[in-house]
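Keep the sequence and the 3D view open as you read.

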Amino acid sequence: RFRFVFAIDRRTQSQPIRQRHPSHPLVRSSNRGIMSSVKATQRLQRVCGHVGVVLKEQQQQQQQREEERKVEAHNVASSNDTVTVTHSGSGKSITVPVNHGTVAAKPFLKLGLRVYDPGFKNTAAATSRITFIDGAKGVLRYRGYPIEQLAAKSTFVEVAYLLIYGHLPTSKQLSYWRSRLQRHTYVHEDLKQMMKSFRYDSHPMGMVISTITAMSTFHPEANPALAGQKVYDNIKLRNKQIHRILGTMPTVAAFAYRHRIGRPYVDPSRDGLSYTGNFLYMLDKLSNHEYRPNPRLARALDVLFILHADHELNCSTSGMRHLTSSGVDVYTAVAGSAAALYGPRHGGANEAVLRMLEKIGDKKNIPQFIEDVKARKVLLMGFGHRVYKNYDPRARIVRKVAEEVFSILGRESLIEVATALEKVALNDPYFVKRKLYPNVDFYSGVIYKAMGFPTDYFPVLFTIPRVAGWLAHWNEFLDDPENAIVRPRQVYKGADQRDYLPMNARTSAPSTTIESHVTAESKRRFAAKVTP
């Protein structure tokens, strides 16, 4: 605690100085006293503000140290736990320590065994301090902060900082961080021209992935293959790439959208719009230079970006770490992660939900649809999750965002089908027994549709915020002393050694389909007597 003691000269306050001439000595003395007290107050405010910042930083550091002590205490307690495995064939045994509920796989080599886990359903492939998920309880935290608090009180830009650097920024740090991202919203004109060369109907996700990959060619100084494998040891250079990628992602995504609808690209705004506000500006501006997106819609999109920023070691994030382990540049790694997100089993899930709801069409068709799901004739999209065995905490937040968007743009008809389907599924013993609860994709697709985004653009809206999570894991992986090139092993079930056969000895071969589809155009072309 701090106590400040200061005094102000009040000698002239008892004098009726306002009735005197301004040049009177007492008036001049009073003016000096007033100015002195104002300056003293200003200095005090500056000092108090500085002290407040210092105290806040100290409090954050204290909380972080407390968390580290708890983790260390847990490690000590866990270090006493062991698992003993005995190979019944050889009689050999190994005793493996249990740490954080895991056992190391390497000791199993002493028994001549490897651990088999396709899909990594029960494998911890990394140690991370970024995102915590408790699937049984429906808990999601970024760097220890509950997702509910961040969605209500924070912004995507601040959350991106939190994910990458591990703590909430001070006012000065946030100001610098925001300015650096805004400074890198513009892309190279050659990159813009490259995007314009895509076909008019190119899938926006394909355009985004290709453009991110091409960005690496514009920054050879940040490519380990050209500048040396230790190039990212330079923290300032590493930060530069983070600023560039996060800054340009909305621009690249907006250009892909404008390309698809045949409109000229719109450069980023210079008027200090928010991250999502600037993105909407580049999507929607026509000829009015005073155009500004609806701030409530920008905030709704900002919340969705927060919810999608990271989600532990999902498919695309695992891909980011996998690619980073090879030493490839960060742009190529991000593009590879985006390619994983392109897959319908990952980033295309909300699109699948939307198509399902459109197929149901009306609330009266839900009972029959539920019966078809139970009979395994159709799939219930947007319910269940590999990790969550409870209500996805993000889904509750998304539902509130949906109501906010509908209050501005009008109620999307499919939301009635969605809420009715959710109510039926949550009360049906078939789904309750299997712990199938709505996930974040169930409502996000309906929101994007209400906001006018085409369904094939949904993965792009997923990619923009998830880049923050990928970069956080990239940054963490580079500093992890345990990191190594990812090289899983396999269970080989192919043929044993066999000798090469000459052509005349291959009297029989297994039936293998090697034909491909032939178009009518190709049939016409090759119907001629001479090969075209």
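Predicted model: local features only at pLDDT ≥ 70, side-chain atom pairs only at ≥ 80, totals over all residues.

Residues are numbered from 1 along each chain as its sequence is written, and side-chain values use heavy atoms, leaving out hydrogens and water.

Start inside. The largest nonpolar core has 116 residues; a nonpolar core here is a set of buried Ala, Val, Leu, Ile, Met, Phe, Trp, Tyr and Cys residues joined through side-chain atoms within 4.5 Å. Buried means under 20% relative accessible area, exposed means over 50%, and partly exposed is in between (1.4 Å probe, protein chains only). Among the residues with the most contacts inside this core are Tyr-142, Leu-246, Phe-279 and Leu-471. Take Phe-279: leaving aside neighbours within four places in sequence, it is in contact (heavy atoms within 4.5 Å) with residues including Pro-250, Ala-253, Leu-301, Phe-305 and Ile-464.

Now for the helices. Helices (H or I, at least four residues) and strands (E, at least two) are DSSP runs, numbered from the N terminus. Helix 8 (residues 235-261) and helix 19 (residues 458-479) have axes that come within 9 Å and cross at roughly 170°. Those axes are lines fitted to C-alpha atoms, for helices over the stretch in contact, and the angles run from 0 to 180 degrees between N-to-C directions. Angles under 35 degrees count as roughly parallel, over 145 as roughly antiparallel, 65 to 115 as roughly perpendicular and the rest as oblique. Helix 8 and helix 19 are therefore roughly antiparallel to each other. On the helix 8 side, the contact includes Ile-242, Leu-246, Met-249, Pro-250 and Ala-253, and helix 19 brings in residues including Ile-464, Val-467, Leu-471 and Trp-474. The residues of this contact divide into 13 nonpolar, 2 polar and 2 charged.

What covers the buried residues of helix 12 includes helix 6 (204-215), helix 8, helix 11 (315-325) and helix 19. The buried residues themselves include Val-330, Val-334, Ala-338 and Leu-341. An α-helix has 3.6 residues a turn, so residues three or four places apart point the same way.

How do helix 13 (residues 349-360) and helix 18 pack? Their axes are 8 Å apart, at an angle of about 75°, so helix 13 and helix 18 are roughly perpendicular to each other.

Finally, some single residues. Asn-278 sits in helix 9 (residues 275-284) and, at 8% relative accessibility, counts as buried. Lys-106 lies in the loop between strand 2 (93-97) and strand 3 (131-134) and is exposed, with a relative accessible area of 67%. Phe-120 is in the loop between strand 2 and strand 3, and its phi is near 50°, a positive value in a residue other than glycine.

Notes
Nonpolar A, V, L, I, M, F, W, Y, C, P; charged D, E, K, R; others polar.
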